[in-house]
Amino acid sequence: MKDDVRSFFNCTENYLHRRYGIRLRAEIIRNLLGDVQNKRILDAGCGDGSLSLPFLFENQIVFCDLAENMLELVQEKIPVNKLSSVSFFRGSIEDYVPDDVFDIVLCVGVLAHVPSVNRTIESISAMIKPGGKLILQFSDMRNQLTRWQIKLAKHGYRINQIYYDDLLKLCNEYGFKQKKEVRFNFLLPGMGRLPDDFLYKFQKRFMGCAILSPLCTDYLLLLEKVE
């Protein structure tokens, strides 16, 4: 499976061709974490780095991804004066052995594509210090729209099916306590053809409505390591 995932994301446009979702995730993450300074951060499945790079100037970041083409995009964005603040690992999060624990781990757009959700959460748990934070994203299989999207997905490999209650239970077993959550992403078949700016504004309005947001497929969770 890892080779299939690597091949899919090495074609970077498979992830980057529509920017509204990345922009929305980045904003939600900044709101969940607030002011972040003097922290050691791991961006697991970093893509082009858009989610963690806003934290670079006050922190140390490790960028981890299976796809070397994604890591090359991140490297191109690093200012010369901040090269000492970053490092890179090309491979699976399960294979990464850090030299120290992290204050914050971002795991966004990852769980659907790993060989084992259980082993991934276990690996991340071992990397986070007590009191550290985990940002976790997934699409909830309780939602009929999620099931439909997975059915239509053309990744060339099987996408993991993740259920909200099961994932929270698993995180709890590995020492995480949920602090906050945000629901987002409502995209009917065919809507992906609409302009990027329109989709960004539509998603912002949708997730900001208490009546409509329960229809959204995705969660971004803020969890704290308590054990």
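## Salt bridges and aromatic contacts

D48 and R19 form a salt bridge in which the closest N and O atoms are 3.0 Å apart. D48 sits in the loop between strand 1 (40–44) and strand 2 (60–65), while R19 belongs to the loop between helix 2 (13–16) and helix 3 (20–33), so this contact ties together parts 29 residues apart in sequence. D48 is buried, with a relative accessible area of 3%, whereas R19 is partly exposed at 33%. Please keep in mind that this is a predicted model.

The structure holds 14 salt bridges.

| Salt bridge | Closest N and O atoms |
|---|---|
| D48 and R19 | 3.0 Å |
| R6 and E68 | 2.6 Å |
| D140 and R142 | 2.4 Å |

The bridge between R6 and E68 links distant parts of the chain: R6 is in helix 1 and E68 is in helix 4 (residues 68–77), 62 residues apart. R6 counts as partly exposed, at 26% relative accessibility, and E68 is partly exposed with a relative accessible area of 25%. Turning to D140 and R142, which also form a salt bridge, D140 is buried at 1% relative accessibility and R142 is partly exposed at 40%. Salt bridges with shared partners also join R23, E27, D197, K201 and K204 into one network.

R23 has an aromatic contact too: its charged end sits over the ring of Y200, 3.5 Å from the ring centre. R40 lies over the face of F102, with 4.3 Å to the ring centre.

Now for the rings themselves. The structure holds twelve aromatic pairs. In one of them, the ring centres of F8 and Y157 are 6.3 Å apart and the planes meet at 85°, so the pair is edge-to-face, the cut-off for that class being over 60 degrees. F8 lies in helix 1 (residues 2–10) and Y157 in the loop between helix 6 (144–152) and helix 7 (164–173), so the pair ties together parts that are 149 residues apart in sequence. F8 is buried, with a relative accessible area of 15%, and Y157 is buried at 12% relative accessibility.

F138 and Y164 make a tilted aromatic pair, 6.4 Å centre to centre with 40° between the planes. This pair links F138 in strand 5 (residues 128–139) to Y164 in helix 7, 26 residues apart. F138 is buried at 2% relative accessibility, and Y164 is buried with a relative accessible area of 12%.

Finally, F8 and Y157 belong, together with F9 and Y15, to one aromatic cluster.

How values were computed: Residues numbered from 1 in each chain as written. Predicted model: local features only at pLDDT ≥ 70, side-chain atom pairs only at ≥ 80, totals over all residues. Heavy atoms only, no water. Phe/Tyr/Trp six-rings, centres within 6.5 Å; stacked < 30°, edge-to-face > 60°. Helix = DSSP H or I, 4+ residues; strand = E, 2+ residues; numbered from the N terminus. Buried < 20%, exposed > 50% of the residue type's maximum accessible area, 1.4 Å probe, protein only. Lys NZ or Arg CZ within 6 Å of the ring centre and 35° of its normal. Salt bridge = Lys/Arg side-chain N within 4 Å of Asp/Glu carboxyl O.
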